[in-house]
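User: Please go through the model shown here with me, question by question.

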Amino acid sequence: MCCYPKGAALRQPCYRSSPVLSVQNLAVARGGATVLAGLSFDVPAGEALILRGPNGVGKTTLLRTLAGLQGAVSGHFECPADEGAYASHADAVKSALTVEENLQFWADIYGNAVPDMVWDQFDIRDLQTRIAGTLSAGQKRRLGLARLGVIKRKVLFLDEPTVSLDGFSVRLFADYLRDQHLAQGGIAIIATHVDLDLAATTLELEPFTATDHQTDTGDEAFL
Amino acid sequence: MIALLHRDLLLATRAGGGFGLGLVFFLIVVVLVPFGVGPETAILSRIAPGILWVAALLAALLSLDRIFALDHEDGSLSLLATAPIPLEAVAVIKAAAHWLTTGVPLAIAAPVLGVLLHLDPSAFGFVVVTLLLGTPALSVIGTFGAALTVGIRRGGLLLSLIVLPLYVPTLIFGAEAVRRGVDGQDTATPLLMLGGITAGAVALLPFATAAVLRMNLR
């Protein structure tokens, strides 16, 4: 059971062993305005949920809320403790470090070793000793995604994971999600505009757009 | 957590990390002072402790905005916030990395630069000790300021304005301890005050830093 009142703590105080995400009547806000409301869905083990909707509908906001980076306006969601991982638009790649050092850092933070198959799963074996600053945008993206294979979290919140990837890399990433992550009982919530060819439920976010936009009128008191 | 410290030290010493920047700035400020004040050794050696302390303070300020800004830009900060280490620990590690890459080198370089200011040789030890004792507070307070201004474009100037007044107590007691040491007076009180400020800052500010980061990441 984990409820997220407004301004809840960043780290997820959820205690459940089953890797199932359950969202009930959730409302999320960005910049003080509620963007999505009345969201309810369940994601059982081994399944992916694709979030769709036009720009600005609140896909990133929803993912950040679920990842525990911001509090929900109302409603609540349940997620397994310390099993979530968030991947944003940004790759979180340090350009002064080598590809290997970048991955090793995240492995150390999560107390894992870098599994050898990660190099092939994300097609970065040839780049291992390259300084990350010299990588192309697509190669950086692959390195950023390879972090997911290193930290081994069951619940992935992916925000536009395929940006700047070519067709081959998109298939490679979809293969990883399907054959490794989901096959091992993980779940993934993915905001994307491309077809990942996954057996996934699609959630259209537009019908959940909040009508009452102004929730935080604190600033107006001073105007 | 060691991994984060290791990474930050590595980043600081790699190209573009700005490791030598603070040190060179410290050197330049100290070299400039005799040009401005004039070459009288009596005056220089009198003001040397104060100059060294002010210069060290400004040099420490120089690299503060890199503490969180770079991690925020490339998205690492959000990922660190969702990683299985508490943000308080991230704040402590970030401050420790800043201290190791600026505070310690400054303390070691200070007596060498003291020669340029005709610093009394008996003060060398006091300069090193007070800087080693005081610079952790500069790093911790600076990390708090960096967390406050994370996400603000060109937040560096704002950061200086926030942080510099908070540096005043450390500066007062640091410079006072050196001055008393040179004059042969009792240095226990300013040294204890200096250590107390550092201990208090190290104990309390990481919690404030983490809280501010949580708000800024929202």
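Predicted model: local features only at pLDDT ≥ 70, side-chain atom pairs only at ≥ 80, totals over all residues.

User: How many helices and strands does chain A have?
Analyst: Helices (H or I, at least four residues) and strands (E, at least two) are DSSP runs, numbered from the N terminus. Along the sequence, chain A reads β-β-β-α-β-β-α-α-α-β-α-β-β. The count for chain A is 5 helices and 8 strands.

User: What share of the residues in chain A is buried?
Analyst: A residue is buried if 20 or more other C-beta atoms lie within 10 Å of its own, exposed if 12 or fewer, and partly exposed in between, with C-beta atoms placed from the backbone. Chain A has 223 residues, and the buried share is 43%.

User: What is the radius of gyration of chain B, and how compact is the chain?
Analyst: Chain B has 9 helices and 0 strands. The radius of gyration is taken over C-alpha atoms, and the globule rule is 2.2 Å times the number of residues to the power 0.38. For 218 residues the rule gives 17 Å, and the value for chain B is close to that, so chain B is as compact as a globular protein of that length, with a radius of gyration of 18 Å.

User: Which residues of helix 6 of chain B make the contact with helix 1 of chain B?
Analyst: Helix 1 (residues 2-13) and helix 6 (residues 87-116) of chain B pack at an angle of about 35°, with their axes 9 Å apart; axes are lines fitted to C-alpha atoms, for helices over the stretch in contact, and angles run from 0 to 180 degrees between N-to-C directions. Two residues are in contact if their C-beta atoms, placed from the backbone, lie within 7 Å. Helix 1 of chain B contributes B:L4, B:L5, B:D8, B:L9 and B:A12, and helix 6 of chain B contributes B:V90, B:I93, B:K94, B:A96, B:A97, B:L100 and B:T101.

User: Which elements of chain A each supply at least two residues of the side that touches chain B?
Analyst: In all, 21 residues of chain A are in contact with 23 residues of chain B. The elements of chain A that each supply at least two residues of its side are strand 5 (84-87) and helix 2 (99-109).

Conventions: Residues numbered from 1 in each chain as written. Chains lettered and ligands numbered in written order.
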